[in-house]
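Please read it alongside the sequence and structure.

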Amino acid sequence: KILMIESAFSEFDETYCNKMLENNSVYFDQRLKKILRQKNFGLLKEPIEYSILGQGKRLRPLLCMETSKVFNIPSEISIFCAIAIECIHTYSLVHDDLPSMDDDDLRRGQPTVHKKWNEAIAILVGDSLQSLSFEVLSDDEFKVRDKVKNKLIYSLAEKSGASGMVLGQALDIEAESSRKQLEMDQISSLQEYKTGKLISWSCEVGPIIAGENTDPFTLYASKIGLAFQIIDDILDVTSSSKILGKKAGKDKEKNKATFVSKLGLDNSKKKATDLVAEACEAISVFKDRSKNLCQIANFIVSRQF
């Protein structure tokens, strides 16, 4: 079993993975634009499109679609979940960038929404994207059984709200204002909510639609979610604002407790690598069908932005 995991990890094909990301992004953006064209957003049209179109890694949408492929669910169905999660993710970024929260001027290599427009517009853009997420999942063109649709809507609401991502944001704000730095278990718990819950939902889409057991995918998601955050912490120390598309060095500037500040750079890299091996093990029962998910897990620890 250990040999199988090491083999899956060592076979990371960066070219293959980049092509998978690129192809997914092209298809995703085509379908997203089609949905946006159908909406009458009035004066919010430009800032909404500015916030969500043509930017980002589209990692969460890719996870929705690849976990669905494990169960032979076509892209024409999983794309609705992919768009819904990206709407929620983008809304969280727009709000997180606000001066009252993380106070960022740069996001995805361009001025944040509140900088290009103003704070009120940024708040309303975030609100709009949150609502749009549930519009997309409720769409009649999303051809799944009502019971499945209700489960997806309920679980996304739960994982993105005060029992999930929003709680993580609140814990993050509280930690920054506290004089006492968080311990490792507290950092992991915070990130489980702030980053992990949306990644978890993305990974559970396939088995939920297929009516299969979500446990292997939930475990896989918990591993890659934590690895993703560790790499974020590493890049904040080792990369530049130009490469990241957002301000680098903010964690140290704020004296923020991170995996790097607690474990050091080398141990953090090793931890992220170990988590990827554990993620591949979690879905190893699916054999060749889990190949792309293992590639994505490896991409997370190899990414530069």
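1. Helix α5 is mostly covered, with 20 of its 22 residues buried. The model under discussion is a predicted one. The length of α5 (residues 75-96) can be checked: at 1.5 Å a residue, its 22 residues should span 32 Å, and the 30 Å between its end C-alpha atoms agrees with this.

2. Two packed helices are described by the angle between their axes and the distance between the axes. For helix α2 (residues 14-37) and α5, the axes come within 10 Å and cross at roughly 75°. Because angles of 65 to 115 degrees count as roughly perpendicular, α2 is roughly perpendicular to α5.

3. Which residues form the contact of α2 with α5? From α2 come Tyr-27, Phe-28, Arg-31, Leu-32 and Ile-35; these meet Ser-75, Glu-76, Ile-79, Phe-80, Ala-82, Ile-83 and Glu-86 in α5. By class, the residues of this contact are 8 nonpolar, 1 polar and 3 charged.

4. The crossing of α4 past α16 is left-handed.

5. In the contact of these two helices, α4 contributes Leu-59, Leu-62, Leu-63, Glu-66 and Thr-67, while α16 contributes Asn-292, Leu-293, Ile-296 and Ile-300. The division here is 6 nonpolar, 2 polar and 1 charged.

6. Most residues other than glycine have a negative phi, and most peptide bonds are trans. Arg-58, however, has a positive phi, near 60°. Arg-58 lies in the loop between α3 (45-52) and α4. Since buried means under 20% relative accessible area, Arg-58 counts as buried at 2%.

7. Asn-72 also has a positive phi, of about 60°, although it is not a glycine. Its place is in the loop between α4 and α5. Is Asn-72 buried or exposed? At 68% relative accessibility, Asn-72 counts as exposed, because the cut-off for that class is over 50%.

8. Tyr-154 belongs to helix α8 (residues 146-160). With a relative accessible area of 57%, Tyr-154 is exposed. Phe-134 stands 20 residues from Tyr-154 along the chain, and the C-alpha atoms of the two are separated by 9.7 Å.

Methods
Residues are numbered from 1 along each chain as its sequence is written. This is a predicted model: local features need pLDDT of at least 70, side-chain atom pairs count only at pLDDT 80 or more; totals for chains, interfaces and linings use all residues. Side-chain values use heavy atoms; hydrogens and water are left out. A crossing is left-handed if the near helix is turned anticlockwise from the far one by less than a right angle, and right-handed if clockwise. Helices (H or I, at least four residues) and strands (E, at least two) are DSSP runs, numbered from the N terminus. Contact means heavy atoms within 4.5 Å. Ala, Val, Leu, Ile, Met, Phe, Trp, Tyr, Cys and Pro count as nonpolar, Asp, Glu, Lys and Arg as charged, and the others, Gly among them, as polar. The expected span of a helix is 1.5 Å times one less than its number of residues. Buried means under 20% relative accessible area, exposed over 50%, partly exposed in between (1.4 Å probe, protein chains only). Axes are lines fitted to C-alpha atoms, for helices over the stretch in contact, and angles run from 0 to 180 degrees between N-to-C directions. Angles under 35 degrees count as roughly parallel, over 145 as roughly antiparallel, 65 to 115 as roughly perpendicular and the rest as oblique.
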